[in-house]
Amino acid sequence: MTMHMPQIVSPQEWESARAELLVKEKALTRARDALAAARRRMPRMAVEKDYAFDGPNGPASLLDLFEGRRQLIVYRFFFEPGVAKWPESGCPGCSFMADQVAHLAHLNARDTTFVNAARAPQADIERYKARMGWSMPWYTITDDFDSDFGVGEWHGTNAFYRDDEDRIFRTYFIDSRGDEALGSTWAYLDMSALGRQEEWEDSPEGYPQTPPYGWWNLHDEYEPTAAPRS
């Protein structure tokens, strides 16, 4: 089948066409910023139940998954009996997602922890992580966490916030094609309760904010932001 490609034009015509599309791109950027600002004003749902996980260091609570940080992002990964080529591999789409997760040091620097959660035992998770070269924390779901948070039958990403009294709140949820845009540090921060925490953002009064660019660092040069809970 012959591909019907766009016309070939001069450099000047190409620049003109690009300038027209740039107007739409800038509008999309502003709309994305406005959406993130609205997320920061979303009502928060208190998490009343105690959830139990298995982790690389043994049993863990939902609070433990925060690793002492203020925010937690949990991606429900389908790696379990009955999915794909179990136990050799997990869901291809979830694996695709894991391949595009940015270096977590940048999220950690914004007081945010990212984890995967699946129903596979830890031994299988560690084997699959080693095969694929993944390093993100990964926990085993042992109760109703997945069904309670909209990811019992399909993948999705939940955002949580921990206050000074260690109360936990669900702040946002993205699933289906919305997950396609996730993976970058910016995308995860934009779905979080506190956002990127930069001064230019439209955030409620009192939210933590610092100048843009200044907090960026090489991923191996950040100061530790929190110590794992015992």
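Helices (H or I, at least four residues) and strands (E, at least two) are DSSP runs, numbered from the N terminus. This is a predicted model, in which local features need pLDDT of at least 70, side-chain atom pairs count only at pLDDT 80 or more, and totals for chains, interfaces and linings use all residues. Residues are numbered from 1 along each chain as its sequence is written, and side-chain values use heavy atoms, with hydrogens and water left out.

View 1. The C-alpha trace spans about 65 × 55 × 35 Å along its principal axes. Of the 230 residues, 43% are buried. Buried means under 20% relative accessible area, exposed means over 50%, and partly exposed lies in between (1.4 Å probe, protein chains only). The chain exposes about 13,200 Å², and carbon and sulfur atoms supply 55% of that area. These areas come from the Shrake-Rupley method with a 1.4 Å probe; for residues, only the protein chains shown count as cover. Contact means heavy atoms within 4.5 Å. Take the contacts with a separation of 6 or more: residues 24 or more positions apart account for 65% of them.

**View 2. The largest nonpolar core holds 31 residues.** A nonpolar core is a set of buried Ala, Val, Leu, Ile, Met, Phe, Trp, Tyr and Cys residues joined through side-chain atoms within 4.5 Å. Phe77, Phe79, Phe114, Trp138 and Tyr188 touch the most other members. At least two residues of this core come from each of strand E4 (71–76), helix H3 (92–99), helix H4 (104–108), strand E5 (112–118), helix H5 (122–132) and helix H7 (185–190). A second, separate core has 18 residues, among them Val47, Leu63, Tyr139 and Ile141. In soluble globular proteins, nonpolar side chains tend to be buried together.

**View 3. Tyr188 and its contacts.** Leave aside neighbours within four places in sequence. Tyr188 is then in contact with Ile73, Met97, Val101, Leu107, Phe114, Thr157, Leu182 and Gly183.

**View 4. Helix H3 has a buried side and a face turned away from it.** Cys94, Ser95, Met97 and Ala98 are the buried residues of H3. Seen down the helix axis, they fall within an arc of 155°, so they line one face of H3. The arc is that of the directions from the helix axis to the C-beta atoms. E4, H5 and H7 are included in what covers these buried residues. Turned away from the buried side are the exposed residues Pro92, Phe96 and Asp99.

View 5. The buried residues here are Gln122, Asp124, Ile125, Tyr128 and Lys129. They cover an arc of only 155° around the axis, which puts them on the same side of H5. The face turned away carries the exposed residues Ala123, Ala130 and Arg131. Just after H5, Gly133 takes a positive phi of about 75°.

**View 6. Glu198 lies in the segment after H7.** Is Glu198 buried or exposed? Its relative accessibility is 4%, so Glu198 counts as buried. Beyond its neighbours within four places in sequence, Glu198 is in contact with Arg110, Trp186, Gln209, Thr210, Pro212, Tyr213, Trp215 and Trp216. Glu198 and Ser184 are 14 residues apart in sequence; C-alpha to C-alpha, they are 17 Å apart in space.

**View 7. Tyr207 is also found in the segment after H7.** At 19% relative accessibility, Tyr207 counts as buried. Not counting residues up to four places away in sequence, Tyr207 touches Arg40, Arg44, Ala193 and Leu194. Gly58 is 149 residues from Tyr207 along the chain, and their C-alpha atoms are separated by 34 Å.

View 8. A cis peptide bond joins Trp86 and Pro87, with omega about 0°. Pro87 sits in the loop between E4 and H3. Glu67 is not a glycine, yet it has a positive phi of about 55°. Glu67 lies in the loop between helix H2 (62–65) and E4. Its relative accessible area is 19%, so Glu67 is buried. Tyr213 is not a glycine either, and it has a positive phi of about 70°. Tyr213 is found in the segment after H7. With a relative accessible area of 59%, Tyr213 is exposed.
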